[in-house]
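User: Could you take a close look at one part of this model for me, the salt bridges and whatever surrounds them? I'd like the cut-offs spelled out as you go.

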Amino acid sequence: MAWRLAVVGITFFLLAKQLALNFKKKRAESDEDEDVVDYNFLTVAAKEADMAMRKEEGGPFGAVIVRDGEIVAQAHNEVLKQKDPTAHAEIVAIQKACKKLGKIELSDCVIYSSCEPCPMSFAAMYLARLPRLVYGAQAEAAHDLGFDSSHIADAIRGTSQFQKTNCTVKRIVHPEVCKVFWKNRTKVRIY
């Protein structure tokens, strides 16, 4: 296992070095180039991820939300700090951005994440109506560190090969639940 992590680490280092050289070359060509802008904001997300590790507040995950070229919110994983399994970097950043902008949809923003988001964080991005996501590491990098949320749907169904859950899932068609949905069908305010 240790040799796999070493190989993955060396591979990421060499890839990052090559990407940095490529982006430096592009930066010289055009400061307004979208790739350069994305690279720069992703660098901020990477610094947030590093901060999470240095402060021992959560895993190596950081996120930045940008509107019109300006950072609206930035955050890192705070699962350990908050003792909250939902305090992922993307979710904390979305909460901060919504509070700062005074709205619950971020359709005029872009989110940058140090790693491909888990299903929960991606769902939060979807609900916030973020139209664009730029991320660095693939989910496999998080998986290699011991983080794995790629099989949550399968875990719920009990069909996962990798991730098992002790949570029993049961659905009951309950008349009171049906009544609440039916009674309020015309009163719902879509958000």
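Analyst: Let's start with the strands. β1 and strand β2 (residues 70–76) pair in the antiparallel sense, with 6 bridges between them; strands here are DSSP runs of E, at least two residues long, helices are runs of H or I of at least four residues, and both are numbered from the N terminus. Two strands count as paired if DSSP finds at least two bridges between them. The hairpin they make has 2 residues between the strands, and Asp 68 takes a positive phi near 50 degrees there. Across the pairing, Arg 67 stands opposite Glu 70 in β2.

A word on the ground rules: this is a predicted model, so local features need pLDDT of at least 70 and side-chain atom pairs count only at pLDDT 80 or more, while totals for chains, interfaces and linings use all residues. Residues are numbered from 1 along each chain as its sequence is written, and side-chain values use heavy atoms, with hydrogens and water left out.

Now for the charges. The structure holds 6 salt bridges, each being a side-chain nitrogen of Lys or Arg within 4 Å of a carboxyl oxygen of Asp or Glu. One of them joins Arg 67 to Asp 108, with the closest N and O atoms 3.4 Å apart. Arg 67 sits in strand β1 (residues 62–67) and Asp 108 in the loop between α4 (89–101) and β3 (110–115), so this pair ties together parts that are 41 residues apart in sequence.

Asp 108 also meets Lys 103 in a salt bridge, at 3.2 Å from N to O. Lys 103 in turn forms a salt bridge with Glu 105, where the closest N and O atoms are 3.8 Å apart. Through these shared partners, Arg 67, Lys 103, Glu 105 and Asp 108 end up in one network.

How open is it? Partly exposed is the in-between class, with buried under 20% relative accessible area and exposed over 50% (1.4 Å probe, protein chains only). Arg 67 is partly exposed at 28%, as is Asp 108 at 34%. Lys 103 is partly exposed at 23%, and Glu 105 is partly exposed at 27%.

The whole structure has 0 disulfides, a disulfide being two cysteine sulfur atoms within 2.5 Å. The sulfur of Cys 109 lies 8.4 Å from its closest cysteine sulfur, in Cys 98, which is too far for a bond.
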